[in-house]
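Here is my note for you to read beside the structure. Please keep the model open and find each place as it comes up.

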Amino acid sequence: MGKFVYDNSQQFKILTEEQVKTMHEKALYVLENLGIIVAYDEALDILEKAGCQVDRETMKVKYPREIVEKCIESAPATFDLYDREGNFYCTFGDGKTRFNPGSSAGNILESDGETVRLSTVKDLKLLTKVAQSLPEIDFVSSSIVCEEAPGELGSQYLYFTEMQHSTKPIIGGSTDLEGVPRTFKLLKAVLGSEENVRKKPYTIFDICVTSPLKWSAIGARNIVDCVKMDIPIEMISAQIAGATGPITLAGCVLNHTVELLSGLVLIQSMKPGHPTVYGGAPCIMNMKTMYTPMEAMECSMVTAAYAQMGKFYGMPVHTYAAMSDSKYIDYQAGSETARSGLIAELVNVDNVSGAGGLNVIAEMSIEKMVIDADYIGTLKHLEKGIRFDDESIGADLLLKVGSAGNFLNQKHTMKNFKKEQNLKNVTFNYGERANWNKEGNWSVSDKAREYVSRIAEQDICPLDEERTKALEEAFVEVCLDAGLTKEKAEELIQIYKEA
């Protein structure tokens, strides 16, 4: 090893530069020679016009190398997001790692940490309020499905609820063919105009490919509609290694690359420069238990590898991390949340979904989300790095204090300690045992429950009366469009109000 030499590289790499290039070449080979099924006629029309080889009978599309690379070139590295009030919120892809709760959980773990039941709109209201209150949680998301929501509505009941209790941008999505235009109506009601929806994006739409190697009619239609309506897209490959993807991790990364590049071609062929996120939710099929964990170490390894691919393509990257496959808020939950969250940050993932998630994200715990926010705060502190200037280095300070001196009584300490230390904390214990005993021997879960109880009593950033009325009218229209009656729509609104 050379002396006085420093290689200015990424903090963590699981693939070498040559391996990344090889993966890219292999992906192009598969796209050209096998292709992928795209089960939506309008998408096939777009791809054929772009120069892809389309077999209408099988719905199989093959992608020439030059078209794929042209679409990679046009995909933007960053795009701006806005909040519910139309204010600039952040530049997505600016190098900062941001976090949002897990998504689409059918169950909720109650505050006792043991009882699991179906999730309700009351849970979503509370979870959204808590997420809004935590500065470490950057976005809200369609984190639980709500058992009251009719299947015909897709995720529109979730948007209806979330927009009334948070100003933060929404990571959402749809499970139905008409999901995007229906969601657009709700966004328009809250943002005030179609122009605002298009020019000031307030949501990112998750769209999943069906592994292996198929864009379903719903996925492809959602892509086409999002591009038409100027809604940013977060493509997600949720393959299961050994089941819907290869058992080898390198094979999973190749499959992931092929699936997302095929979606990218559809997006960028429609509108070069459309905001697109390179995302994923890797799982494995545990061959011992037949369980499909999302937070096994292998999942983090796949995330690290596909994140390198996304950065190689100059795109913002997403993953599921900072959550756990545990059924309790226990050591497994803490270790998996910490390990996956740290790896996601070290490989520069731009958006991490998962805070509060348990059991392959089938369950959400609002209390765990509060605890996770404390941990995420430490990651954000790490992301800032070490302040490096004459004052922080303090060479003259060392000369002043000297050997066996004391820094506690120095003005330098009082001036700088808030800049250097992450002191914001809701649940973690950084105090002395004696004081902790006097305070009642509380646990992190105790503190999280206290916090959630306080937020539950507060009215967090409610939507004003005028926009609430517009949103309710739009929601009734969406319900009618979905085949529900006006009475059912009004019943759902009343259930929400009473929750």
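**Notes on a predicted model**

1. N255 lies in helix α9, which covers residues 249–270; helices here are DSSP runs of H or I with at least four residues, strands are runs of E with at least two, and both are numbered from the N terminus. This is a predicted model, in which local features need pLDDT of at least 70 and side-chain atom pairs count only at pLDDT 80 or more, while totals for chains, interfaces and linings use all residues. Residues are numbered from 1 along each chain as its sequence is written, and side-chain values use heavy atoms, with hydrogens and water left out.

2. Is N255 buried or exposed? With a relative accessible area of 9%, N255 is buried, given that buried means under 20% relative accessible area, exposed over 50%, and partly exposed in between, with a 1.4 Å probe and protein chains only. The side chains of N255 and Q239 are joined by a polar contact of 3.0 Å (a pair of N or O atoms within 3.5 Å; within protein, one must be able to donate a hydrogen and the other to accept it, and residues adjacent in sequence count only if both atoms are side-chain atoms).

3. Leaving aside residues up to four places away in sequence, N255 touches S211, P212, L213, Q239, T244 and P246, where contact means heavy atoms within 4.5 Å. Most peptide bonds, by contrast, are trans. P212 sits in the loop between β11 (203–209) and β12 (214–215).

4. Most residues other than glycine have a negative phi. V360 is in the loop between β19 (357–358) and β20 (363–364) and counts as buried because its relative accessibility is 18%. A404, in the loop between α14 (395–401) and α15 (411–420), is exposed, with a relative accessible area of 87%.

5. Finally, please look at helix α4, which has 13 residues, numbered 121–133. Helix α4 is mostly covered, as ten of its 13 residues are buried, including V121, L124 and A131.

Conventions
The expected span of a helix is 1.5 Å times one less than its number of residues.
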